[in-house]
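Here is a friendly note to read alongside the model. Take the points in order and keep the view open as you go.

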Amino acid sequence: MNLTQNSLLKSIWHSIWRYFGLKEANKIGLWLIELNLDEDYGIIRCSHQTKETIISALSLVREINGIKVILSPLKTSGTIRSIKSAK
Amino acid sequence: MFLSYFESRLLVNFDNFNDIKNKLELCEKLGIKNLILEPENKIITIPSEIKSKVGLETKINIFYRINLRLNNPEDFKRRIRHFNNFSDILSIESLNKEVQLRAARDSRVDIVSFSNLEVIKTLTPGVISLMKQNNSFLEFSLAPLMVKNKANQSKNFRNLYRYIHLALKSKVNCIISGNFADIYDFRHPRALISICHTLLGIPLDRAKKIYKLNPILLLERVKKRLNNKIEPEVKLIKGGEIL
């Protein structure tokens, strides 16, 4: 099974639940804006107060559908426009 | 000197240059800027040819460390003799309390490592206090967190949390390295800062200091040790000229 937008989101949510539980999960407001598997990047939107939580959760994802992956933060920004221009 | 975040421990096999190359490529891809390499095999000095070869291979700022795993004080005495005026970072890892105390007191030792889960349980306030007096560094590692088994991972989180907070409370210099064995466990230090902050309860500014400032202080300590070879007021004269 390949890496898809759905499987990625499922893994991120799984990681959030595993490490932070419901109390943090409901504050995140997670949204996958863009996923470009050809260039190995994606854009995730979340509440600015939960930035560290989401970075931790992403870092602790080790595999998706049996495929070993590394989800590493590249850049954080306050607006979607500036993060898109940073690509 | 302004440097960004450090990964303070990456095990590489110096006999296999492809292994080093692959790991460095991945680190570069992850955006790691500063890296401290440690030989997997029991080398006591890293040849300068390898250092220059590695330097040519990557844009990352590379530093080196040697880690000694010692079992008893006699072993410590015997092996530490070779490290007078050592030009790289020297760390000691031991389960033996006497060795830990000697290492904490010895000015040749830069880091007393408590990376291993078995070793971390032997950390005592006495060792921390001695290290604080000697200005040496206490090392923890986040590698035990990267396990699949939930129960083991939870235990490892608890142990790390407990001992890291013991160290933070005493304000000893400490560094938290990745020390990951599997390349798929490698993470950017910024990601590790987030884990330290959110899951290990370290304040964000303190966590950033651990990954940014403390490794610089560690490197300065090594540099200072090398500069201390010549006593003050003594000048080097080469060919009649004062250098």
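**Notes on a two-chain model**

1. Start with the surroundings of helix H8 of chain B: its buried residues pack against helix H1 (5–28) and H2 of chain A, and also against strand S1 (6–12), helix H7 (150–170), strand S7 (174–177) and helix H9 (204–227) of chain B. Helices (H or I, at least four residues) and strands (E, at least two) are DSSP runs, numbered from the N terminus. Residues are in contact when their C-beta atoms, placed from the backbone, lie within 7 Å.

2. A word on the source: this is a predicted model, in which local features need pLDDT of at least 70, side-chain atom pairs count only at pLDDT 80 or more, and totals for chains, interfaces and linings use all residues. Residues are numbered from 1 along each chain as its sequence is written, while chains are lettered from A and ligands numbered from 1 in the order in which they are written.

3. Back to H8(B), residues 189–199: 11 of its 11 residues are buried, so the helix is largely enclosed by the rest of the structure. Among them are B:Pro189, B:Arg190 and B:His197. Buried means 20 or more other C-beta atoms within 10 Å of a residue's own, exposed means 12 or fewer, and partly exposed is in between, with C-beta atoms placed from the backbone. After H8(B) comes B:Gly201, with a positive phi near 70°.

4. How many residues does each chain bring to the contact between A and B? Chain A gives 12 residues and chain B gives 14 residues. On the side of chain A that touches chain B, helix H2 (residues 51–59) gives the most, with five residues.

5. Within chain B, look at H4 (97–105) and H6 (residues 125–134). Their axes, lines fitted to C-alpha atoms over the stretch in contact, come within 8 Å and cross at roughly 15°. Angles run from 0 to 180 degrees between N-to-C directions. The two helices are therefore roughly parallel, a term for angles under 35 degrees. Residues making this contact include B:Leu101 and B:Ala104 of H4(B), and B:Val127 and B:Leu130 of H6(B).

6. Finally, two loop residues to check. A:Asp40 has a positive phi of about 60° although it is not a glycine; A:Asp40 sits in the loop between strands S1 (31–36) and S2 (41–45) of chain A. A:Asp40 is exposed, because 10 other C-beta atoms lie within 10 Å. B:Asn135, also not a glycine, has a positive phi near 60°, and B:Asn135 is partly exposed with 13 C-beta neighbours inside 10 Å.

Technical notes
Contact = placed C-beta atoms within 7 Å. Parallel < 35°, antiparallel > 145°, perpendicular 65-115°, else oblique.
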